[in-house]
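Q: Hey, I'm new to this one. Can you walk me through the structure in plain words?

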Amino acid sequence: MQNVRLCENCGKNGMAVYDTREKADQLRRRRKCVYCGATFRTVELKTEEYEEMQNELQRLYSFINDLGKYFSEKAGEFND
Ligand SMILES: [Zn+2]
């Protein structure tokens, strides 16, 4: 999936990447608008890092879910 970036200056979809640098876990890109010539710098996390973050988040969610189940079961025991 490709993110659509609109020019922050003129709002058109004409941002072209003309320089990409890797630094640690980041991708730093320089973009230039083909319509108005405005240049911007963007910083992106590398895709692998992003996927790892997503997985970590998923584990966290299921942990919280399990915790919720555990406590509602405990609460059920007290109510009996
Ligand atoms: Zn522009």
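Predicted model: local features only at pLDDT ≥ 70, side-chain atom pairs only at ≥ 80, totals over all residues.

A: A term to start with: two strands pair if DSSP finds at least two bridges between them. Strands (E, at least two residues) and helices (H or I, at least four residues) are DSSP runs, numbered from the N terminus. With that, there is an open sheet of three strands in the order β1-β2-β3, with antiparallel pairing.

Q: Which strands are at the edges?
A: The edge strands are β1 (15-23) and β3 (39-45), and each of them pairs on one side only. On average, neighbouring strands of this sheet are turned by 25 degrees against each other, direction ignored. Those angles use axes that are lines fitted to C-alpha atoms (for helices over the stretch in contact), and run from 0 to 180 degrees between N-to-C directions.

Q: How many bridges join β2 to β3?
A: Seven bridges join strand β2 (residues 26-33) to β3, and the two run antiparallel. As one example, R31 has F40 in β3 as its bridge partner.

Q: What pattern does the protein follow along the sequence?
A: The pattern is β-β-β-α, with one helix and three strands in the protein.

Q: New topic: how is the protein divided into domains?
A: Domain 1 covers 1-46 and domain 2 covers 47-80, with bounds from an automatic or database domain assignment. Their centres, taken over C-alpha atoms, are 37 Å apart.

Q: What about the overall dimensions?
A: The C-alpha trace spans about 70 × 30 × 15 Å along its principal axes. The radius of gyration is 22 Å, whereas a compact globule of 80 residues would have one near 12 Å. That radius is taken over C-alpha atoms, and the globule rule is 2.2 Å times the number of residues to the power 0.38.

Q: And what share of the residues is buried?
A: Buried residues make up 4% of the 80 residues. Buried takes 20 or more other C-beta atoms within 10 Å of a residue's own, exposed takes 12 or fewer, and partly exposed is in between, with C-beta atoms placed from the backbone.

Q: Is G11 buried or exposed, and why?
A: G11 is exposed, because 11 other C-beta atoms lie within 10 Å. G11 sits in the segment before β1. Its C-alpha is 9.5 Å from that of C33, 22 residues apart in sequence.

Definitions and conventions: Residues numbered from 1 in each chain as written.
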